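Hello,

Here is the structure I said I would pass on. My notes on it follow below.

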Amino acid sequence: MKVSVIMGIYNCEKTLKESLDSLLNQSYKSFEIILCDDGSKDNTLQIAKDYLEKYPEKIRLIQNETNKGLAYSLNRCIDISNGEYIARMDADDISYENRLEKQMNYLESHPECALVGSHVFLFNDKGVWGIRKTKSDPLKKDFLFGSQFVHPTIIIKKAILNQVGNYTVSKATLRAEDYDLFMRLYAAGFRGHNLQEVLLNYREDATAFKRRAYKFRLDEAKVRYNGFKKMKLMPLGLLYVIKPLIVGLIPQRILTLLRHQGLDSNRADEATRPIVK
């Protein structure tokens, strides 16, 4: 078993099947899928059990007694994983058929690289509406502007993930566990790479923006402060610590408009592109 794909699942009955199917259809075969149900209240757990029964050689399922958050759930998955590499996936996203194959080919031919991600198409129930491109080889200073990897696209060496203590479980990292992790990796001297192609469809719609309450902006500021300090980006980093606090004061309607304008210049063409599974 080369790769363990870890997924926290919570109230995702409408999207879980499509996400799991995209993994089960991968051209790369040496992987397992570990699901951790985080106290779902809908039919999510039953769907996961159905897939476990149908694909017992591929899928493993664990449960949290109560809702613990994504970082806690992912750490539980990592603890029981068999893979040499850990791949991320969310229960509402779609991986392309050759995603794992392309990423593993890169990692195994570039042993100096700790993790690899990719570009993503942004989509909702109406289809693809944009693209998010990531820098090929991010540097420490790039994290001043935000996370440099799209979390559900990454594959990382398990030994390196263990070395930095896996995900941080805290109130501050509840919505920024990935940003925190990537900065700790870079502070420890590791580096990552983003393949310059789309390998995943990332679900992002209006509800995603509405969930970003101001209290989470405060938490992100704390994560930024701690991360920048560990990467020795202070005192310049202080200017960027307050960024989420300022952004949080912008009316949601304007923020959404600015976000759409800030995407790739080809976003209008991508909006008509069908979702590729």
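The accessible surface of the protein is about 13200 Å², and carbon and sulfur atoms account for 52% of that figure. Please keep in mind that this is a predicted model. Of the 277 residues in the protein, 53% are buried. The secondary structure consists of twelve helices and nine strands. Among contacts with a separation of 6 or more, 80% are between residues 24 or more positions apart.

Helix α3 covers residues 70-80, and its buried residues are Ala71, Ser73, Leu74, Asn75, Cys77 and Ile78.

Thr44 belongs to helix α2, which spans residues 44-54. Thr44 counts as buried because its relative accessibility is 0%, below the 20% cut-off. Setting aside neighbours within four places in sequence, the contacts of Thr44 are Ile9, Tyr10, Asn11, Cys12, Glu13, Leu16 and Asp37.

Ser118 sits in strand β6, residues 115-124. With a relative accessible area of 1%, Ser118 is buried too. Residues up to four places away in sequence are again not counted, and Ser118 then touches Gln103, Thr134, Val150, Thr153, Asn194, Leu195, Glu197 and Leu199.

Regards

Terms used: Residues numbered from 1 in each chain as written. Predicted model: local features only at pLDDT ≥ 70, side-chain atom pairs only at ≥ 80, totals over all residues. Heavy atoms only, no water. Helix = DSSP H or I, 4+ residues; strand = E, 2+ residues; numbered from the N terminus. Buried < 20%, exposed > 50% of the residue type's maximum accessible area, 1.4 Å probe, protein only. Contact = heavy atoms within 4.5 Å. Areas by Shrake-Rupley, 256 points an atom, 1.4 Å probe, with all protein chains shown as cover.
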